[in-house]
Amino acid sequence: MANPSVELGFAEPVEEAWRLLSPQFPSKVGGRPAWLGEVGLPGSEALACGSCGRPCCFLLQLYAPSQEPRGFHRSLFVFCCRDPVCHLPGKSPPFHVFRNQLPRRNDTYSYNPPSVIPPPEGTACNILRLKSGVHLCRVCGCIAPKACSKCHSVHYCSKDHQVVDWKIGHKKLCSIQPESESVIPDHGFLFPQYEIVTEPEELGSESESEKETDEDDEQNHAGSITAGIGTLLDDKDEKDLEALAKRETKEDKIFAHFKNKIAPEPKQVMPQLLSHLNVDSIGDSIDWGTLAVFTCAENCGDEKEYCKEFLWKQDVATDPA
C-alpha cells in the first residue's frame, strides 16, 4: 500500500474576507464558523464545555472532501473551551468536533465550482443569518434560538452570550435604536482569524548540512550535560546524575527529530497555532501538545446533520516531580 499523502497547513493573514465565507468552502482558524450545511447545526448543549458548562469557542475548520459522492463537500469543525482551567492535564478534553458533508448537487450551493472573482464592492453579506433564514449568535456565530426580548433584532446561542453582549453595549442601544445585526462589537470571545493554506508535504532525504547540524547539536548537548553534571556533583549522587543525563539526552533527540521533520516547512500550523491564537503564555493558558481528530471511515450520516467525531488530546510533556 502506498503511503498516504500528507497535507501541511499554514496560517496566513486574511487578505480577502470573502474567501472565508461558506460558498468558498474555506479552511480557516478563528473568527466565526463558516457553516457548510444549513440544517442540523449543533446546538448550545452540544457545544457546551464538559467541565465548566459554558459555550465553547470556534477553533478551526478544515475542508476535507471525500471521494464518495455523498461527501463531495465535507468539512470538519473544531470547538474548544476558552477557560484555561478546563485545559489542565488530567481533565476531559474540552473540545468538540463535528463533521458535515453534502453531495455535489445540493440545495445550498451551486453544482459548479465557487467563483474566484471577488464580489462587487459593497455587496451586503449578513454573517449572522444563513440563506435558510436561520439566525446565528451575535457573539460566537453558532445557531441562535434566543432573541433579545426588547428589540428582537439580535440573537444568541445561550444566556451566557446574551449577558456578554448586553454588557458590551447592547444595554445602551437596545431601547434607543435597535442595532443592525451587521454592526458587531468585539466581545473578546473569538480567536483571531486566519486562512489555512495547504500544500502537500515534500518528502526527501536528509541533507548533509542537516546531518552535520544534528551531529553538532548532539555534541554540544553532550558537552552541556557533562558540564552540568560537573557543577552538581556536590548535590546529587552519581545515579541521580546518570538518570538526569539519560532523560535529557532522550528528550533532546526527540526534539531534534521534531526540528528536522518540520525544517523544510517551519511555518506549518503545529505548536505555532497557540501563538497565532494569542494564548501561548506562561501560567494559566489554553494549551495542548497534539490534537488528533478521528472521523468515521465510512462517512456515516447525511447532509441534514452535523455528526459528532472523536478528538484525542495529548497534553504538553512535563518533567516528573
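**Nonpolar core and positive-phi residues**

The largest nonpolar core comprises 50 residues, and those with the most contacts inside it are Trp 35, Leu 59, Phe 79, Phe 191, Leu 277 and Trp 288. A nonpolar core is here a set of buried Ala, Val, Leu, Ile, Met, Phe, Trp, Tyr and Cys residues joined through side-chain atoms within 4.5 Å; buried denotes under 20% relative accessible area, exposed over 50%, and partly exposed in between (1.4 Å probe, protein chains only). At least two residues of this core are supplied by each of strand 3 (57-63), strand 4 (73-80), strand 5 (95-102), strand 8 (194-200) and helix 4 (272-276). Helices (H or I, at least four residues) and strands (E, at least two) are DSSP runs numbered from the N terminus. The model is predicted: local features need pLDDT of at least 70, side-chain atom pairs count only at pLDDT 80 or more, and totals for chains, interfaces and linings use all residues. Side-chain values use heavy atoms, with hydrogens and water left out, and residues are numbered from 1 along each chain as its sequence is written.

Leu 59 is located in strand 3 and is buried, with a relative accessible area of 0%. Contact is defined by heavy atoms within 4.5 Å. Beyond four places in sequence, the contacts of Leu 59 include Val 29, Phe 95, Phe 191 and Trp 288.

Phe 25, in the loop between strand 1 (7-12) and strand 2 (28-29), has a positive phi near 50° and is buried at 10% relative accessibility. Asn 278 has a positive phi of about 65° but is exposed, at 64% relative accessibility.
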